[in-house]
Amino acid sequence: MTGGALPEGAIGLLHDAGRVFGRYHLRSVFRIRVHGRDRMPDAGPVVVIANHSSMIEPQLIFGMLPRRSAFLVKAEMFKGAAGWFLRAIGQIPVKRGEIDRTPLMTAVGVLKAGGVVGIFPEGTRGAGDVGVAEKGAAWLVRASGATVLPVATRGTLRPADGKRRWRPRVDILVGEPFTPKVGPGRSGLEEGTEELRLQLAGLVKTLDDWRAENRIGSP
C-alpha cells in the first residue's frame, strides 16, 4: 500500500522514496523487528499515536507503516534544506507549547481525505512510557472520526552507562486499531486524551514485558 492523502504541496514520489529510506537506512545500525504491521487498516482515516524516547522513532515508524503518512514534527526541524525536504515528503510543522490550530487543521484535512496522520502524544522525548499526553491526538480524532493505531517502540535509547552498543535490537509493536468516542467540550477532550494515553502506555508495557521475558536489551 503506497497511495494516500498528503498535505497540499507534498510530492508523492519523494514521500515514497523517503519511506523506503526510513525503512532501510537504519538497519546497518539497529536490528529492527516489526510486530503486527498488518494491523494497519487498509483504508480510511487513521491517527497513529506512538511513544517517543529518541530521534529514531519518527524515522522508523514513518518507514515501517504500509501507507503514506503525514507526521506532526516540531517546527525547529523545518529549517533550510531539511525543512524543504520535510515539507516535500508531507510532514507538518508544529510549534511546541503554543496553541496553533493551523497544523491541526492541515492534519484534519489529510484525515478527512482518508489519509494517515502520525503524532507523538507525549509532545517531547523522554522515557517513552507515556506517563503524560497532550490533547492534540484526541482533538484530531474528535474532528475527523479517525481510527487510532497505537505503536510502541523500544530499544532506541543508549544504556544508562552511556556505552555504545553494537547493532542493538529495536522492536516496534503495532497494537490493535480502535475508534474512541471523544466527547464535546474540554472534559470530553481530557477524557479522550486519557483513553488514548492509557492504550498507548499499555502497549508500551506489553512490549517492555515481552522484551524482559526474552532478555532483550533496554528501552
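Predicted model: local features only at pLDDT ≥ 70, side-chain atom pairs only at ≥ 80, totals over all residues.
R215 has 80% relative accessibility, so it counts as exposed.

There's another residue with a positive phi to look at, V130, where the angle is near 60 degrees. You'll find V130 in the loop between strand 5 and helix 5. Is V130 buried or exposed? Its relative accessibility is 1%, and because buried means under 20%, V130 counts as buried.

Now step inside. In soluble globular proteins, nonpolar side chains tend to be buried together. Here the largest nonpolar core has 32 residues, and V47, I49, I119, L140 and L196 are those with the most contacts inside it. Which elements give two or more residues to this core? They are strand 2 (46-50), strand 3 (70-74), helix 4 (101-112), strand 5 (116-119), helix 5 (136-144), strand 6 (147-154) and helix 6 (185-213). Helix 6 supplies the largest share, 7 residues.

I119 is in contact with V47, V48, I49 and A50, with F71 and L72, and with G136, A137 and L140. There is also a second, separate core of 25 residues, and A50, L60, F71 and V170 are among its members.

Next, turn to helix 4 and helix 5. Their axes are 10 Å apart and the packing angle is about 45 degrees, which means helix 4 is oblique to helix 5. The crossing of helix 4 past helix 5 is right-handed. On the helix 4 side, the contact uses R101, L104, M105, A107, V108, L111 and K112, while helix 5 brings G136, W139, L140, A143 and S144. Sort the residues of this contact by type and you get 8 nonpolar, 2 polar and 2 charged.

Last stop: helix 2. Of its 9 residues (56-64), 7 are buried, so the helix is largely enclosed by the rest of the structure. The buried ones are I56, E57, L60, I61, F62, G63 and M64. What covers them? The cover includes helix 1 (12-24), along with strand 1 (31-35), strand 2, strand 3, strand 6 and strand 7 (169-174).

Notes
Residues numbered from 1 in each chain as written. Heavy atoms only, no water. Core = buried A, V, L, I, M, F, W, Y, C linked by side-chain atoms within 4.5 Å. Buried < 20%, exposed > 50% of the residue type's maximum accessible area, 1.4 Å probe, protein only. Helix = DSSP H or I, 4+ residues; strand = E, 2+ residues; numbered from the N terminus. Contact = heavy atoms within 4.5 Å. Axes fitted to C-alpha atoms, helices over the stretch in contact; angles between N-to-C directions. Parallel < 35°, antiparallel > 145°, perpendicular 65-115°, else oblique. Left-handed = near helix turned anticlockwise from the far one by under 90°. Nonpolar A, V, L, I, M, F, W, Y, C, P; charged D, E, K, R; others polar. Lists of a residue's contacts leave out its neighbours within four places in sequence.
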